[in-house]
Amino acid sequence: MHSFRYVGKELFCEDSSLGALAVKHGTPLYVYSQATLTDNYRRLHGALEPLDRMVCFAMKSNSNLAVIRTLAGLGSGFDVVSAGELARTLAAGGDPSRCVFAGVGKTEEEIRYALRQGIYSFNVESEPELRRISKVATRLRKIAPVAVRVNPNVDAHTHAKITTGTYENKFGIAFESIEKVYARAARLPHIRLRGLQMHIGSQLTDVRPFRQAVEKVAPLVTRLALRHGLEFFSIGGGIGIIYQDALASGSPGWWSGPKGKGILTPESYAAELVPMLRPLGLRILLEPGRFLTGNAGVLVSRVEYIKKTGKKNFVIVDAAMNDLIRPAFYDSFHEIVPVTRKGGAMIPSDVVGPICESGDTFAKDRPLPKVGEGDLLAFMSAGAYGSVMGSTYNSRPLAAEVLVHGKKAAVVRRRQPLADVWGLESTAPWQ
Ligand code: LLP
């Protein structure tokens, strides 16, 4: 479910008009729906009811404090990848004892901080990292709870930049080496082997790679659990969402597969995986990011100019690749719709931002209704890996963010004041 729909001619987020929000707060503007976040969390958590499970929201997809607070309020745990993300969790009222700490490059300082906060587990990516955690824990006289990340060498068949579960990737420890690593780790006095973790990639729209990976890893985790008393098995994140026709498809937020054939929904995901996971008798962790936040957010932008060249109809908007980098970075598709619905013929349009790079393009030859200067456009499904990947390239301030709850809307990140863009800089003393 998501909560973006036209009421008459106007696009609404829940009971709030996006047009009115754009006028009040300016553009480019990220708008998030609290109802969608809540519904997505409840539906996924609910589908896995037969399991002892903990959903750890991968906040790398959207770490706004208000988003974290919404999910913390529903009982979510968190997947964090830096001291910064852990500190955000605390700032938003999240519980550190429900946090797992992932990432291939944890520094000593980060490990110290996480140990002091009492996190649920480190997801360990290499043996040198394991030794470092052990060393820091020994110094602090603490026991570090860890899960080692197994690389199951299963191809997730997703975009090359977001596949993680094969030996071509930097992530995890090879399937064949895991048992030896656990045996060595068991001898480290300040390490408590608490679980096993895996994550094969992001934006998976087919349940088969998940099934393949669980099938492959289940016997391993059973052996390790017996030998080392593991409590949990984390199956990672990666559940994909609808990007194409997100608005038109009625109940978006869920991949319904080609020609409406149901492939991946929380229910089909659960139907496939629960029978394999339940017999393990372990707590199951999930690390969904995009699934929870992707269709809960849009980016609203204003048309600055229409520029017609011999070949093209360029729609130049006030959002740019610094606000939403996914199309430039991964050739990602985001549905683009007018905030005030228009009739008439569709015109193939290139929607581009003002940044001085050809890559600053949101869509090429996209059929759009005729729009003009000052019109508002919404980039759909921008709640995940949108604002968090923003930058100030071209000295463009970070966009504002608003959380909607019914008729209520609150600014949950102010637009960055211009002087703050260079606020950390200075000239050198000799200048
Ligand atoms: N767990 C681990 C260990 C991960 O590396 C990730 C994502 C997740 C969970 C959450 O994956 P999700 O459920 O969101 O698919 N910037 C890219 C996506 C990068 C994903 C990185 N890791 C994009 O815009 O598509």
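**Salt bridges and the domain interface**

The side chains of E267 and R43 meet in a salt bridge, with an N to O distance of 2.8 Å; a salt bridge is here a side-chain nitrogen of Lys or Arg within 4 Å of a carboxyl oxygen of Asp or Glu. This pair links distant parts of the chain, with E267 in helix α9 (residues 266-277) and R43 in helix α2, 224 residues apart. Helices (H or I, at least four residues) and strands (E, at least two) are DSSP runs, numbered from the N terminus. The structure is a predicted model, in which local features need pLDDT of at least 70 and side-chain atom pairs count only at pLDDT 80 or more, whereas totals for chains, interfaces and linings use all residues. Residues are numbered from 1 along each chain as its sequence is written, and side-chain values use heavy atoms, with hydrogens and water left out.

Both members of the E267 and R43 pair are partly exposed: E267 has a relative accessible area of 37%, and R43 has a relative accessibility of 27%. In this classification, buried means under 20% relative accessible area, exposed means over 50%, and partly exposed lies in between (1.4 Å probe, protein chains only).

A search of the whole structure finds 19 salt bridges. In general terms, side chains of opposite charge can pair when their charged atoms come close. Among the pairs found is that of E108 and K135, whose side chains meet at 3.0 Å, N to O. Here too distant parts of the chain are linked, since E108 belongs to helix α5 (residues 108-117) and K135 to helix α6 (residues 127-140), 27 residues apart. E108 is partly exposed at 24% relative accessibility, and K135 is partly exposed with a relative accessible area of 41%. A further salt bridge joins the side chains of R227 and E179 (3.0 Å, N to O). Because R227 lies in helix α8 (residues 208-228) and E179 in helix α7 (residues 178-185), the pair ties together parts that are 48 residues apart in sequence. R227 counts as partly exposed at 48% relative accessibility, as does E179 with a relative accessible area of 25%. Salt bridges that share partners also join E108, K135 and R139 into one network.

The protein chain is divided into domain 1 (34-292) and domain 2 (295-422), with bounds that come from an automatic or database domain assignment. The C-alpha centres of the two domains lie 31 Å apart. In total, 25 residues of domain 1 are in contact with 22 residues of domain 2, contact meaning heavy atoms within 4.5 Å. The area buried between the domains is about 2100 Å², of which carbon and sulfur atoms give 55%; buried area is the accessible area (1.4 Å probe) that two parts lose on being put together, summed over both. In domain 1, Q34, N64 and Y243 lose the most area to domain 2, together 27% of what that side buries.

Across this interface the rule finds zero salt bridges, but five residue pairs are in polar contact, both residues being at pLDDT 80 or more. A polar contact is a pair of N or O atoms within 3.5 Å; within protein, one must be able to donate a hydrogen and the other to accept it, and residues adjacent in sequence count only if both atoms are side-chain atoms. On the side of domain 1 that touches domain 2, α2 (34-47), α3 (65-73) and α10 (290-293) each supply at least two residues. Helix α2 gives the most to this side, with three residues.

Two loop residues were examined individually. S61 lies in the loop between β5 (53-58) and α3, and is buried at 0% relative accessibility. The side chain of S61 reaches the backbone oxygen of A58 at 3.1 Å. Leaving aside neighbours within four places in sequence, S61 is in contact with G289, R290, T293, G383, A384, Y385, G386 and V388.

K342 is placed in the loop between β16 (336-338) and β17 (346-352), and counts as partly exposed at 30% relative accessibility. Beyond its neighbours within four places in sequence, K342 is in contact with P369, K370, V371 and D375. With D375, the contact includes a polar contact between the two side chains (3.0 Å). K342 and E10 are 332 residues apart in sequence and 9.8 Å apart in space, C-alpha to C-alpha.
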